[in-house]
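Trainee: I have a structure open and want to learn how to read its features. Can you take me through a few?

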Amino acid sequence: MSVRDVRPRTQNETPAAATVPGGNPALLGLPALLSGGVTLGLWLVGYLDTATLPGGMIPAVTVSSGLFLLVACIWGVRVGQGALAGIFGTFSAFWLSFGFLVLGAINGWFGISTAPSLRTEQLQNVAATFVLSWLIVFATLTVATLRLPLAYTSGFAVVCTTLALVLGFVVNGNELFATLGGITTFVFCAIYAYIFVDAMTQELGGDAMPMGDPIQQ
């Protein structure tokens, strides 16, 4: 209890209205996520040649997706949307760490050997560990959010599928896994684009779009 709590009030005194920040963090978080997702998909299907420009993904995945998803996460905290903040924060951590991994790999920050054969093996081990750890994280996130509408759960499930395919590509070097991973990347981007359009439509006074019933009631 503070001094203000015990201070006597006059008859004309009215309590001050609390200023509560508003808005929908998804209006920033979803398009930020899409820029990194589309870039990753273009790389996986071979459109973005990272063999000659290995850092070509860094601006989209680190700055656009990683940084602005972090902003959306903070926004979610400020408006009291803890679950949304947690989701955006998780995606932000993924994109920031992915961008840092690519940046470190091309600049030799991790003590990776300069010998071609050993360097390839070390990069493969680092990438496989990274993808596997995030596959586990997103699988856990999928299970933890089964009470959300089906569109969200479907998006998380396709993200897990993408990571599993990328893991297969990293471990086996089979380009088919990369191509399929690129396709599934575009699929979850389409799902999140649909959710973004719904959020923007409601923000502008339109009706909500169908999202599907939650798997877990």
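Trainee: How many disulfides does a search of the whole structure find?

Mentor: Start with the general idea. A disulfide is a covalent bond between the sulfur atoms of two cysteines. Now the case here. This is a predicted model. Searching the whole structure turns up zero disulfides.

Trainee: Is Cys160 buried or exposed? And Cys189, buried or exposed?

Mentor: Buried means under 20% relative accessible area. Cys160 has 12%, so Cys160 is buried. Cys189 has a relative accessibility of 6%, so Cys189 counts as buried too.

Trainee: Why does Thr142 count as buried?

Mentor: Use the cut-off again: under 20%. Thr142 has 11% relative accessibility, so Thr142 counts as buried.

Trainee: Now the surface. Which residues make the nonpolar patch?

Mentor: A patch takes residues with over 30% relative accessible area. Here, Val38, Val45, Tyr47, Leu176, Leu180, Ile183, Phe186 and Val187 make a nonpolar surface patch of about 690 Å².

Trainee: Which helix gives the largest share of the patch?

Mentor: Helix α7, residues 175-203, supplies five residues, the largest share.

Trainee: Where does Val38 lie, and how does its accessibility class read?

Mentor: Val38 lies in helix α2, residues 26-44. Partly exposed falls between the buried limit of 20% and the exposed limit of 50%. Val38 has 34% relative accessibility, so Val38 counts as partly exposed.

How values were computed
Residues numbered from 1 in each chain as written. Predicted model: local features only at pLDDT ≥ 70, side-chain atom pairs only at ≥ 80, totals over all residues. Heavy atoms only, no water. Patch = residues over 30% accessible without salt bridge, like charges linked within 9 Å, V, L, I, M, F, W, Y side chains within 5 Å. Areas by Shrake-Rupley, 256 points an atom, 1.4 Å probe, with all protein chains shown as cover. Salt bridge = Lys/Arg side-chain N within 4 Å of Asp/Glu carboxyl O. Helix = DSSP H or I, 4+ residues; strand = E, 2+ residues; numbered from the N terminus. Buried < 20%, exposed > 50% of the residue type's maximum accessible area, 1.4 Å probe, protein only. Disulfide = S-S within 2.5 Å.
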